[in-house]
Amino acid sequence: MATILVHVMPKPEILDPQGKAVGAALPRLGFDGVAQVRQGKRFELTVDGEVTDEVLAKVRQAAETLLSNPVIEDVVEVTVAEETA
Amino acid sequence: MTARIGVVTFPGTLDDRDATRAVRLAGAEAVPLWHNDGDLKDVDAVVLPGGFSYGDYLRAGAIARFAPIMEKVVDGANGGLPVLGICNGFQVLTEVHLLPGSMIKNEHLHFICRDQTLRVENAETSWTSEYRDGEEIVIPLKNQDGQYVSDDYTLDMLEAEGRVAFRYVGWNPNGSRRDIAGITNERGNVVGLMPHPEHAVEAGFGPDSRESGRTGTDGLAFFTSAIKNLLATA
């Protein structure tokens, strides 16, 4: 079993209302100095067997078609998680 | 002949009963369609109602797009079947690429519920032909993810082709690009909008009108438009 991580972020040109709200809350709690917050998503896909190029290609395709909406989001990273014993 | 209009229910759909009622009040037969159905039961038109299909997990409308019934809706729409997507139904239509753009969280982050004034910008679609171009109507609006976004190229194309079907008037309630409340496809048979025409179809239950409280029925003409067009081509 291995886990593939998919990171999805709102496109830079799309306003991110959630990130903006988080950014506005930080100074209220005393966390100063944060200029901007953008909020995205991380998916952990645990697959059977080894992570081959074919498996990665399939996950990339899933990331582009279901896990993200290319109109408003970018898949910024697809990586294999470090194995934990 | 009586027109038969299908109303799709996904898990998490909320407004299917109101949509069904609107279809009946407009004079058509309402046909319930289930997300898992593999056929459209020979309906003449389809309404995708509002709600939170599949809990709106992932993104609004993202999972509903892959429901078995949607394959048939897409086939039908590409063949000219009139399809109306309301609120979550509009989000499903963008996710399935029958309409361009997408909806993100309201700019002000609040859930909003109000009687909203819209201007009909295109009175030639399957669902708007009983309105006049430029007519202002009031129907309820209620959503959290209602901010219509698209790139400038697509927005310019929609404007140039007259595919902006409705625009917010007076106040843009969610930050939508160019005050867009609803759009249509090239052919005019697929229409999607965030506000809810099915909640403004019967005096006593609609928005306030100029005359008196709760008497607004401005949403009814969506359904009578579709019925009239279906009967004209039958």
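Colleague: Among the contacts in chain A between residues at least 6 apart in sequence, what share joins residues at least 24 apart?
Modeller: That share is 69%. Two residues count as in contact if their C-beta atoms, placed from the backbone, lie within 7 Å. Please note that this is a predicted model, in which local features need pLDDT of at least 70 and side-chain atom pairs count only at pLDDT 80 or more, while totals for chains, interfaces and linings use all residues. Residues are numbered from 1 along each chain as its sequence is written, and chains are lettered from A and ligands numbered from 1 in the order in which they are written.

Colleague: Which pattern does chain A follow along the sequence?
Modeller: The pattern is β-α-β-α-β, made up of 2 helices and 3 strands. Helices (H or I, at least four residues) and strands (E, at least two) are DSSP runs, numbered from the N terminus. Chain A is more spread out than a compact globule, because its radius of gyration is 16 Å, well over the 12 Å that the globule rule gives for 85 residues. The radius is taken over C-alpha atoms, and the rule is 2.2 Å times the number of residues to the power 0.38.

Colleague: What box do the C-alpha atoms of chain A fill?
Modeller: Along the principal axes, the box is roughly 45 × 35 × 15 Å. Buried residues account for 16% of the 85 residues in chain A. A residue is buried if 20 or more other C-beta atoms lie within 10 Å of its own, exposed if 12 or fewer, and partly exposed in between, with C-beta atoms placed from the backbone.

Colleague: Which residues of H2 in chain A are buried?
Modeller: In helix H2 (residues 53–67), they are A:Val59, A:Ala63 and A:Leu67. These three lie on the same side of H2(A), because they cover an arc of only 45° around the axis; the arc is that of the directions from the helix axis to the C-beta atoms. In general, an α-helix has 3.6 residues a turn, so residues three or four places apart point the same way.

Colleague: And what do those buried residues pack against?
Modeller: The buried residues of H2(A) pack against strands E1 (2–10), E2 (41–47) and E3 (73–80) of chain A. The face turned away from that buried side carries exposed residues, including A:Asp53, A:Gln61 and A:Thr65.

Colleague: How many bridges join E1(A) to E2(A)?
Modeller: There are 7, and these strands run antiparallel; A:His7 has A:Arg42 in E2(A) as its bridge partner. E1(A) is also joined to E3(A) by 7 bridges, again antiparallel, and A:Pro10 stands opposite A:Glu73 in E3(A). Two strands pair if DSSP finds at least two bridges between them.

Colleague: Where does A:Ile72 lie?
Modeller: A:Ile72 is in the loop between H2 and E3 of chain A. This residue is buried, with 22 other C-beta atoms within 10 Å. Beyond its neighbours within four places in sequence, A:Ile72 is in contact with A:Pro10, A:Lys11 and A:Ile14, as well as B:Ser102, B:Ile104 and B:Val149.

Colleague: How many residues of chain A are in contact with chain B?
Modeller: 9 residues of chain A are in contact with 12 residues of chain B. Helix H1 (residues 17–25) of chain A gives the most to this side, with 3 residues. By class, the side of chain A that touches chain B has 7 nonpolar, 2 polar and no charged residues. Here Ala, Val, Leu, Ile, Met, Phe, Trp, Tyr, Cys and Pro count as nonpolar, Asp, Glu, Lys and Arg as charged, and the others, Gly among them, as polar.

Colleague: Turning to chain B, what is the strand order in its open sheet of 9 strands?
Modeller: The order is E2-E1-E3-E4-E11-E10-E9-E6-E7, with mixed pairing. Strands E2 (29–34) and E7 (136–143) of chain B are the edges, each pairing on one side only.

Colleague: How many bridges join E6(B) to E7(B)?
Modeller: Strand E6 (residues 112–120) of chain B is joined to E7(B) by 8 bridges, and the two run antiparallel. B:Thr117 has B:Val138 in E7(B) as its bridge partner. E6(B) is also joined to E9(B), antiparallel, by 3 bridges, with B:Val120 opposite B:Phe166 in E9(B).

Colleague: Is E9(B) mostly covered or uncovered?
Modeller: Strand E9 (residues 164–168) of chain B is mostly covered, as 4 of its 5 residues are buried. Another 3 bridges join E9(B) to strand E10 (residues 180–184) of chain B, also antiparallel. There, B:Phe166 stands opposite B:Gly182 in E10(B).
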